[in-house]
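This briefing sets out the fold, packing and annotated sites of a single chain. Please read it alongside the sequence and structure shown here.

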Amino acid sequence: MRKVTISLALQGGGAHGAFTWGVLNRLLEEKWLTFEGLSGASAGAMNAVMLAEGWRKGKQQGAKQQLADFWYAVASQNIDFALPEEITQSVTQWWLNAFQMLSPYNINLLDVNPLRDIVEANVDFKKLQRDSPFSLYISATEVSTGKLALFNADELTSSHLLASACLPSIHKAVEVSGKHYWDGGFAGNPAIYPLIHQCKAKDILIVLLQPLIRDELPTSAQDISDRVTEIGFHSNFMREMNTLARIRTMLKGKKWLLGKLEKQINALRLHLITNTEVLGELDAATKYNNRKGFLDCLREAGEQTADHWLDAHADALGKRETCDLTATF
């Protein structure tokens, strides 16, 4: 079968990132498919780095193993008292509500972050800096300016990766080279533009963890709070996609008047994988659920979703777009 190279844009979403793990697992089974650029924020950044590190070690199979090692290490941090799921979620929600009233600078004095040990145990950052098989664009948000920061493979350390996943209500801002950073989802979740301007691959596959549309109006205090947070983490991505859609609309019928940027945008072939039926039913507290059973369920859902997507659209990769940009965004 023909070889196709694509770029990936991976959204953040805490434990829901295990869905993306499943999507990547399924894509890695296709030997004709390879990647050029990987853009990710938060959990999406974790998946992107594990994919790159695993591929560096052992191509597709190495990547699958690396992703599994990472997510099961995350699951191993959970202290499972065999509580019913609904009780676990209630406790998690209470814990999250408590953190809204407290600062990590008051209660997490040592800035304990189990992810640091997991990341440093699973990734040889010095080797990845030298030999990353893909271009990496890891999003973080600079606290002082609110601007998007993108960290590339040749500079990447564990601190850069942790900065991309730093929730300010739980962890102190991550300091890198004298600047402080919070979760990349605030500024780009995920960032698309580096894949357009810095990669040759015209196909960009976006894996979303948040539904594009919520039909039900949130009315309870908790649902309203969750939706406000969700919109905050989704808004910059939606704005970027809406801008691309507007440019596409403006360029219709102007084929002979296009500059370099316009030609790049017109040449894009965008693709989208998500599962509103599964992900849309999960409440915000489940983003902190790192039980192995829950992560495995999301992985399986991701694998099945990607499998259905490939059945329908594999032949389009490298040829035509499968996401109607102007209609979707």
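This is a predicted model: local features need pLDDT of at least 70, side-chain atom pairs count only at pLDDT 80 or more; totals for chains, interfaces and linings use all residues.

Residues are numbered from 1 along each chain as its sequence is written, and side-chain values use heavy atoms, with hydrogens and water left out.

The secondary structure comprises 13 helices and eight strands; helices (H or I, at least four residues) and strands (E, at least two) are DSSP runs, numbered from the N terminus. Of the 329 residues in the chain, 51% count as buried, where buried means under 20% relative accessible area, exposed over 50% and partly exposed in between (1.4 Å probe, protein chains only).

**Overall surface and contacts**

- The chain exposes about 15,700 Å², and carbon and sulfur atoms supply 54% of that area; accessible areas come from the Shrake-Rupley method with a 1.4 Å probe, and for residues only the protein chains shown count as cover.
- Among contacts in the chain with a separation of 6 or more, 79% are between residues 24 or more positions apart; contact means heavy atoms within 4.5 Å.

**Nonpolar cores**

- A nonpolar core is a set of buried Ala, Val, Leu, Ile, Met, Phe, Trp, Tyr and Cys residues joined through side-chain atoms within 4.5 Å.
- The largest nonpolar core has 68 residues, of which L8, L27, F35, L38, L51 and L136 touch the most other members.
- Helix α2 provides the largest share of this core, with 16 residues.
- Apart from this core lies another, of 20 residues, among them F237, L244, L270 and L272.
- Leaving out residues up to four places away in sequence, L8 touches L24, L27, F35, G37, L38, S39, L51, L195 and L205.

**Strand β3 and its partners**

- Seven of the eight residues of strand β3 (residues 135-142) are buried, so this strand is largely enclosed by the rest of the structure.
- Strand β2 (residues 33-41) runs parallel to β3 and is joined to it by five bridges; two strands pair if DSSP finds at least two bridges between them.
- Strand β4 (residues 148-151) pairs with β3 in the antiparallel sense over four bridges, and L150 in β4 is the bridge partner of S139.
- Five residues lie between β3 and β4 in the hairpin that they form, and G146 in the turn has a positive phi of about 75°.
- Strand β6 (residues 179-183) also pairs with β3 in the antiparallel sense, over three bridges, and A140 stands opposite D183 of β6.

**Helices α1 and α5**

- Helix α1 (residues 17-27) has eleven of its eleven residues buried, so it is largely enclosed by the rest of the structure.
- In helix α5 (residues 114-122), the buried residues are I118, V119 and N122. They cover an arc of only 95° around the axis, which puts them on the same side of α5; the arc is that of the directions from the helix axis to the C-beta atoms.
- The exposed residues D117 and A121 are on the face of α5 turned away from its buried side.
- The cover over the buried residues of α5 includes α2 (43-76), α6 (125-131) and α7 (158-164).

**Annotated sites**

- Over residues 12-17 the chain is 17% helix and 0% strand, with the end C-alpha atoms 6 Å apart.
- The UniProt annotation "active site", from an unreviewed entry, covers S42 and D183. Although spread over 142 residues of sequence, these residues cluster in space, with a largest C-alpha distance of 6.2 Å.
- S42 lies in the loop between β2 and α2 and counts as buried at 10% relative accessibility.
- Leaving aside neighbours within four places in sequence, S42 is in contact with G12, S164, A165 and D183.
- D183 lies in strand β6 and is buried, with a relative accessible area of 2%.
- With neighbours within four places in sequence left aside, the contacts of D183 include S42, A140, T141 and F233.

Methods: UniProt positions are given in the numbering used here, feature names are shortened, and annotations may be inferred rather than shown by experiment.
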